[in-house]
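Notebook open. I want to go through the side chains here and jot down what I look up, entry by entry.

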Amino acid sequence: MAKFFCDFRLLLFVAAVVFIYIQMRLFATQSQYADRLAASIQAENHCTSQMQSLIDQISLQQGRIVSLQEERKRRDQECGQMKSLVQDLERKEVRRLIDKVQVPVAAVVIMACNRADYLERTINSVLKYQRAISSRFPLFVSQDGSNSNVKNKALSYDELSYMQHLDFESVQTERPGELIAYYKISRHYKWALGQLFYKHNFSRVIILEDDMEIAPDFFDYFEAMATLLDKDKSIMAVSSWNDNGQKQFVHDPYELYRSDFFPGLGWMLARSTWDELSPKWPKAGTIG
């Protein structure tokens, strides 16, 4: 009995040692697990922090990307505007150079004397259609005499050149009853045409009086007729005036009429013809 009791106590002791060992192992394992869990939580927190930092950096980069895209878009717009401006300037420069070297079709001269109000209406009528083609049809005003109102009116326009004919030579009429004004007009025309053909070296001159208003196709007509005037030496002058040129009397607006009567009132003369007429220009006479 005593031996059995001793063996039982031994077994209890062994069981207690095993139990204590198991408990210690469990405690150690739990401690290791707790340490690993804490380390995992810390690592997770660090990872979360890094991820948040990365997200913030990505957001910042996205903001910069958006900003750069907007900047690129703005620069593209500016480049487009600059390109358009350069192209426009190039076109204007090319047009200016073309206009500069372009040979005029004809000079246009308005003959004036002492009617400033009439002159203003004529100038405005011409400029309405001449401004866009001024290089092909340079505009002049030639004044006979020294009327200040006419001179000031002509000089108020930047789009034209002003000429003044001052004739102080006395006039001796050849026939009784002749008007001195006819001699003055003849001298003025001869002087003005000489200035335009020989001083300014134009090949053709269109002559207008100061009481005329031109049609919308005035310059198209004379540009088309310039070639005909150069080719056909039997044509003395080309005129835009027709006493019967009203709509109800015109059946073909493209038809030209060749006349042996000088119509005047808006006519074009070539230099070659002026070379012939100038030496025998009449002392007196009405022109147009």
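**Helix 1.** I started with F13, which sits in helix 1 (residues 2-101). This is a predicted model, so I keep that in mind for every entry. Is F13 buried or exposed? I get a relative accessible area of 55% for F13, so it is exposed. F13 also turns up in a nonpolar surface patch, together with L10, V14, V17, V18, Y21, I22 and L26. I note about 750 Å² of accessible area for that patch as a whole. Still looking at charged side chains, I found E71, R74, R75 and E78 linked in a network of salt bridges.

**Salt bridges.** How many salt bridges does a search of the whole structure find? I count 15 from that search. I picked out a few to follow up.

First entry: E213 with R121, where the closest N and O atoms are 2.5 Å apart. E213 lies in the loop between strand 4 (204-209) and helix 5 (218-231), while R121 belongs to helix 2 (residues 116-130), so this pair ties together parts 92 residues apart in sequence. I checked R121 for cover as well: its relative accessible area is 56%, so I put it down as exposed.

Next entry: R204 and D230, whose side chains meet in a salt bridge at 2.4 Å, N to O. R204 is in strand 4 and D230 in helix 5, so the pair ties together parts that are 26 residues apart in sequence. I wanted the cover on both partners. R204 has 13% relative accessibility and counts as buried, whereas D230 is partly exposed at 30%.

Then D232 and R258, which form a salt bridge at 3.0 Å, N to O. I traced D232 to the loop between helix 5 and strand 5 (238-239), and R258 to the loop between strand 5 and strand 6 (267-270); the pair links distant parts of the chain, 26 residues apart. For D232 I have 22% relative accessibility, so partly exposed. R258 comes out at 53%, so exposed.

**S239.** I moved on to strand 5, where S239 is found. At 14% relative accessibility, S239 counts as buried. What does its side chain reach? I see the S239 side chain reaching the backbone nitrogen of W241 at 3.1 Å. Leaving out residues up to four places away in sequence, I list Y221, F222, P263, G264, L265, G266 and W267 as residues that S239 touches.

**Aromatics.** Y221 and F222 come back here: along with F137, F218 and F219, they form one aromatic cluster. The structure holds 8 aromatic pairs, and I wrote up two of these.

The F140 and F202 rings have their centres 5.7 Å apart and their planes at 80°, so I logged this pair as edge-to-face. F140 is in strand 2 (residues 139-144) and F202 in the loop between helix 4 (180-199) and strand 4, so the pair ties together parts 62 residues apart in sequence. I have both F140 and F202 down as buried.

For F197 and W274, the ring centres are 6.3 Å apart and the planes at 20°, so I logged the pair as stacked. F197 is in helix 4 and W274 in helix 6 (residues 271-277), and the pair links distant parts of the chain, 77 residues apart. Buried or exposed, I asked of F197? F197 is buried, at 0% relative accessibility. My figure for W274 is a relative accessible area of 0%, so W274 is buried.

How values were computed:
Residues numbered from 1 in each chain as written. Predicted model: local features only at pLDDT ≥ 70, side-chain atom pairs only at ≥ 80, totals over all residues. Heavy atoms only, no water. Salt bridge = Lys/Arg side-chain N within 4 Å of Asp/Glu carboxyl O. Helix = DSSP H or I, 4+ residues; strand = E, 2+ residues; numbered from the N terminus. Buried < 20%, exposed > 50% of the residue type's maximum accessible area, 1.4 Å probe, protein only. Polar contact = N/O pair within 3.5 Å; in protein donor to acceptor, adjacent residues only side chain to side chain. Contact = heavy atoms within 4.5 Å. Patch = residues over 30% accessible without salt bridge, like charges linked within 9 Å, V, L, I, M, F, W, Y side chains within 5 Å. Areas by Shrake-Rupley, 256 points an atom, 1.4 Å probe, with all protein chains shown as cover. Phe/Tyr/Trp six-rings, centres within 6.5 Å; stacked < 30°, edge-to-face > 60°.
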